[in-house]
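Please consult the sequence and the structure displayed here before reading the briefing.

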Amino acid sequence: MKRFATLSILAVATALTISILTAGPAGCAGFSGPELKAFDQATTVYVATVRKDGNQSTPAPVWFTMSADRAQLLIQAHKGSWKDKRIRRGSPVIVWIGGLNGPSFVGKAEITKDAAVVDKILTDYPKKYTMNALVGPSRENFESGDRIAIRITPVKHLPADFSSAPGTPAPAL
């Protein structure tokens with residue numbers, strides 16, 4: 001009986017350790033299976049930031065790619081845009097995948113100069129947006145500072161019926 005109890009405790013401890021190690025950082029929602037499938041089918045995501053007053057901005061459609069491990073969304077924007085200013089201020093972002101009725105989440109956005117992120121954007125965009133390759137970002141745009149790379153990590157899933165409502169309070173983290 002004592003041996004069985006020891007084995008049971010060991011099994012519970014092992015399962016707990018595995019769940020902690022695979023859960024990722026505390027508070028990180030990660031992308032769900034349906035979200036990953038939606039990313040695979042989408043050509044754009046809609047991104048809204050949070051204004052100083054705590055209200056949602058108007059969502060804008062943007063091109064995107066995913067990090068190599070598919071844990072983060074990668075986008076780019078013009079330096080000085082509202083998206084740039086608000087993210088520098090620490091604004092979370094609200095993202096809809098594929099359309100304003102698609103799966104949505106709140107994410108932590110970070111402006112980065114990480115060469116791997118810039119390279120991923122520059123490599124993936126022409127493949128994904130072949131008809132628009134001439135209007136996408138270039139290495140010169142990033143090097144001159146005209147464009148910024150943004151890495152978005154999911155923090156909170158939103159309900160399936162969550163809709164854009166510019167000028168209303170943004171969802172709480």
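The model is predicted. Strand β4, spanning residues 73–78, is mostly covered, with five of its six residues buried. Leu73 is among the residues with the most contacts inside the largest nonpolar core.

**Strand pairing around β4**

- Strand β3 (residues 65–66) runs antiparallel to β4 and is joined to β4 by two bridges.
- In this pairing, Met66 stands opposite Leu73.
- Six residues lie between β3 and β4 in the hairpin that they form, and in the turn Arg70 has a positive phi of about 60°.
- Strand β7 (residues 147–157) also runs antiparallel to β4, and six bridges join the two.
- Here Leu73 stands opposite Ile152 of β7.

**The largest nonpolar core**

- This core comprises 30 residues, and those with the most contacts inside it are Phe39, Val45, Leu73, Ile75 and Ile152.
- Two or more residues each come from α2 (33–41), β1 (45–49), β4, β5 (92–97), β6 (104–112), α4 (115–128) and β7.
- The element that gives the most to this core is α4, with five residues.

- With residues up to four places away in sequence not counted, Val45 touches Phe39, Leu73 and Ile75, and its other contacts include Ala60, Pro61, Val62, Phe64 and Trp96.

Terms used. Residues numbered from 1 in each chain as written. Predicted model: local features only at pLDDT ≥ 70, side-chain atom pairs only at ≥ 80, totals over all residues. Heavy atoms only, no water. Buried < 20%, exposed > 50% of the residue type's maximum accessible area, 1.4 Å probe, protein only. Helix = DSSP H or I, 4+ residues; strand = E, 2+ residues; numbered from the N terminus. Pairing = 2+ DSSP bridges. Core = buried A, V, L, I, M, F, W, Y, C linked by side-chain atoms within 4.5 Å. Contact = heavy atoms within 4.5 Å.
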